[in-house]
Amino acid sequence: MMNFGERLKKIRIERGLRQEDIGKIVHAGKSTVSQWENNIHVPDLETVTKIVAALNIPLDYLLGRTDSRFGDRAAEEAQVPYSHHANLRLIPVLGIIRAGDPLFAYENIIGYEPVNADEIKNGDYFFLKVTGDSMSGPGSRIQEGDLVLVKKQDYIENGQIAVVLVNSDEATLKRVYVQGEQYILQADNPKYPPMAVSAKELKIIGRVLKGNYTL
């Protein structure tokens, strides 16, 4: 599934428009539109709604939440009246995270989700699409396919759920406990046993703030 920048560029080219033309719609410069198309930055929701209105495409399509360019625009806006929520910010949705890749690498971003700006005042945030069922137990009830809101940080307190990399593998969600010089990674699903890893084997990417977001 293409992300915001790819879709904006695709639609622009299909319509025979220049980056300057998109910029005129929202009073932005060519360089700003170029940054949007390359996923260096993402515009705010007010700007995005102006773009979708001018290009006559569904908001969910441009945000990467559906592959369909068709739909009931009135019903969509009635469900989620973005234009009336100036205090919302678009947060990138990441797919697979691997060691060595920049966290917000172009290929990692699979879409965007709106979040109240009051909830994310300081720091960098992202959504992670969950794979696997290790956190589907009674504690967090995070299911495969859910989105979890994550604050980027390299530390965690006992019992909090973190996005971690173990032995430079793909990112995983686990509750983290400190035991002496080791970290204990605990799944909420009882079928997965605890895992003990050393500090050298573990990289903490961020703390999970909210779960049960479904993409």
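The structure is a predicted model, in which local features need pLDDT of at least 70, side-chain atom pairs count only at pLDDT 80 or more, and totals for chains, interfaces and linings use all residues. Residues are numbered from 1 along each chain as its sequence is written, and side-chain values use heavy atoms, with hydrogens and water left out.

Helices are DSSP runs (H or I, at least four residues), numbered from the N terminus. Helix α2 spans residues 19-26, and its residues Q19, I22, G23 and V26 are buried (under 20% relative accessible area, 1.4 Å probe, protein chains only). These residues lie on the same side of α2, because they cover an arc of only 100° around the axis, taken from the directions from the helix axis to the C-beta atoms. An α-helix has 3.6 residues a turn, so residues three or four places apart point the same way. The buried residues of α2 pack against α1 (4-14), α3 (30-37) and α4 (45-55). Just after α2, H27 adopts a positive phi of about 60°.

A nonpolar core is a set of buried Ala, Val, Leu, Ile, Met, Phe, Trp, Tyr and Cys residues joined through side-chain atoms within 4.5 Å. The largest such core has 36 residues, and those with the most contacts inside it include F4, V48 and L62. Helix α4 gives the most to this core, with five residues. A second, separate core of nine residues includes I156, V164, V176 and L202.

Residue I51 is located in helix α4 and is buried, with a relative accessible area of 0%. Leaving aside neighbours within four places in sequence, I51 is in contact (heavy atoms within 4.5 Å) with L8, V26, W36 and L62. I51 and L8 are 43 residues apart in sequence and 9.0 Å apart in space, C-alpha to C-alpha.

Technical notes: Buried means under 20% relative accessible area, exposed over 50%, partly exposed in between (1.4 Å probe, protein chains only). Helices (H or I, at least four residues) and strands (E, at least two) are DSSP runs, numbered from the N terminus.
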